[in-house]
Amino acid sequence: MTYVIGQPCVDVLDRSCIDECPVDCIYEGQRMLYIHPDECVDCGACEPVCPVEAIYYEDDLPGELEPYLADNDAFFSTILPGRSEPLNSPGGAAKLGALGVDTPLVASVPPQGEVAG
């Protein structure tokens with residue numbers, strides 16, 4: 001089981017969850033953050049600090065956000081546009097920094113407002 005970041009995070013990129021994560025398992029795409037399902041230890045520290053309530057425990061994911069469960073996994077397990085191989089389990093987000101790429105699902109979401117920076 002893991003926590004999942006859904007559509008409300010698109011174009012927000014607040015990063016409060018990254019600051020709270022004790023295992024560095026939240027990675028930054030171009031428009032959204034992603035939780036690595038194998039690196040997450042299910043501590044839940046990220047969920048209450050999310051300003052847009054985009055983070056859910058896998059079993060509590062609202063129906064309209066269910067596609068984001070597979071999408072978060074796909075961010076790590078598939079070859080994303082502009083990359084030559086999947087990320088797999090890089091062992092920590094801090095050493096990679098912002099990756100500048102998103103899954104096709106996130107890339108297809110209409111702009112949600114101004115990107116935080």
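Of the 117 residues in the protein chain, 42% count as buried (under 20% relative accessible area, with exposed meaning over 50% and partly exposed in between, for a 1.4 Å probe and protein chains only). The model is predicted: local features need pLDDT of at least 70, side-chain atom pairs count only at pLDDT 80 or more, and totals for chains, interfaces and linings use all residues. Residues are numbered from 1 along each chain as its sequence is written, and side-chain values use heavy atoms, with hydrogens and water left out.

**Fold and dimensions**

- The protein chain contains 3 helices and 4 strands (DSSP runs numbered from the N terminus, H or I of at least four residues for helices and E of at least two for strands).
- Along the sequence, these elements follow the pattern β-α-β-β-β-α-α.
- The radius of gyration is 13 Å, which agrees with the value near 13 Å of a compact globule with 117 residues (taken over C-alpha atoms, the rule being 2.2 Å times the number of residues to the power 0.38).
- Along the principal axes, the C-alpha atoms fill a box of roughly 35 × 30 × 30 Å.
- Among contacts with a separation of 6 or more, 68% are between residues 24 or more positions apart (a contact means heavy atoms within 4.5 Å).

**Surface and charge**

- The accessible surface of the protein chain is about 5,900 Å², and 50% of this belongs to carbon and sulfur atoms (by the Shrake-Rupley method with a 1.4 Å probe).
- There are 4 positive and 21 negative side chains, and the centres of the two sets lie 12 Å apart (Lys and Arg count as positive, Asp and Glu as negative, while His and the chain ends are not counted; the charge is placed at NZ of Lys, CZ of Arg, CG of Asp or CD of Glu).

**Aromatic pairs**

- The count comes to 4 aromatic pairs (rings of Phe, Tyr and Trp, the last by its six-membered ring, with centres within 6.5 Å; stacked under 30 degrees, edge-to-face over 60, tilted for the rest).
- Tyr3 and Tyr57 form an edge-to-face pair, at 5.1 Å centre to centre and 65° between the planes.
- This pair links Tyr3 in strand S1 (residues 3-5) with Tyr57 in strand S4 (residues 55-57), 54 residues apart.
- Tyr3 is buried at 10% relative accessibility, whereas Tyr57 is partly exposed at 22%.
- Tyr34 and Phe75 are stacked, because their ring centres lie 3.7 Å apart and their planes are at 5°.
- Here Tyr34 belongs to strand S3 (residues 33-35) and Phe75 to helix H2 (residues 67-77), 41 residues apart.
- Tyr34 is buried at 0% relative accessible area, and Phe75 is buried at 0% as well.
- One aromatic cluster is formed by Tyr27, Tyr34, Phe75 and Phe76.
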